[in-house]
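Work through the exercises below with the sequence and the structure in view. Try each task before reading its solution.

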Amino acid sequence: MGSWVRCKCDELVHKNWFCGAGVSLVASEDALDLPDGHQMSANQLVDKLFAESDMLLRCWNCARIILLNERGGEFVVKFFAPEED
Ligand SMILES: [Zn+2]
């Protein structure tokens, strides 16, 4: 799948974190919770969040939200279209 995801509208959406494509992470409460007394540097926390969080992309063409989860060797993509007013 490389650095792109094909949206349901057929547009290619970049998922490369470092190319300025507006990629976000959806950090769960679990991912943000650290055990009591656990020391972790900011870099370690960022690595942990990358490993445990879904990526959130926005399709510029159709405004869909795209959630990506690459954990456990499985690649799961979910699309969410905005509701019509
Ligand atoms: Zn789209």
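**Exercise 1. Which residue of β5 stands opposite Leu-57?**

Step 1. Start with what is being read. This is a predicted model, in which local features need a pLDDT of at least 70 and side-chain atom pairs count only at pLDDT 80 or more, while totals for chains, interfaces and linings use all residues. Residues are numbered from 1 along each chain as its sequence is written.

Step 2. Strands (E, at least two residues) and helices (H or I, at least four) are DSSP runs, numbered from the N terminus. Two strands pair if DSSP finds at least two bridges between them.

Step 3. Read across from Leu-57: the residue opposite is Ile-66 in β5. Leu-56, in turn, faces Leu-67 in β5.

Step 4. β4 and β5 are joined by four bridges in the antiparallel sense.

**Exercise 2. Find the order of strands in the open sheet of four strands, and name the strands at the edges.**

Step 1. The order is β3-β4-β5-β6, and the pairing is antiparallel.

Step 2. The edges are β3 and β6; each has a single partner strand, so one side of each has no neighbour in the sheet.

Step 3. On average, neighbouring strands of this sheet are turned by 30° against each other, direction ignored.

Step 4. A residue is buried if 20 or more other C-beta atoms lie within 10 Å of its own, exposed if 12 or fewer, and partly exposed in between, with C-beta atoms placed from the backbone.

**Exercise 3. Which residues make up the largest nonpolar core?**

Step 1. A nonpolar core is a set of buried Ala, Val, Leu, Ile, Met, Phe, Trp, Tyr and Cys residues joined through C-beta atoms within 7 Å.

Step 2. The largest one has five residues: Cys-7, Val-13, Leu-57, Cys-59 and Ile-66.

Step 3. List the contacts of one member. Two residues are in contact if their C-beta atoms, placed from the backbone, lie within 7 Å. Beyond its neighbours within four places in sequence, Cys-7 has contacts that include Val-13, Cys-59 and Ile-66.

Step 4. Compare the general rule: in soluble globular proteins, nonpolar side chains tend to be buried together.

**Exercise 4. Locate Asp-10 and Ala-63, and give the phi of each.**

Step 1. Asp-10 sits in the loop between β1 (4-6) and β2 (12-14). Its phi is near 85°, a positive value in a residue other than glycine.

Step 2. Ala-63 sits in the loop between β4 (54-58) and β5 (65-69). In this hairpin, which has six residues between the strands, Ala-63 has a positive phi near 70°.

Step 3. Most residues other than glycine have a negative phi.

Step 4. Asp-10 is exposed because it has 9 C-beta neighbours inside 10 Å; Ala-63 is exposed with 12.

**Exercise 5. Describe the whole protein, with its confidence values.**

Step 1. The protein has two helices and six strands, in the pattern β-β-β-α-α-β-β-β along the sequence.

Step 2. Its C-alpha trace spans about 45 × 30 × 25 Å along the principal axes. Of its 85 residues, 7% count as buried.

Step 3. The average pLDDT (the predictor's confidence in each residue, from 0 to 100) is 87, and 95% of the residues score at least 70.

Technical notes
Axes are lines fitted to C-alpha atoms, for helices over the stretch in contact, and angles run from 0 to 180 degrees between N-to-C directions.
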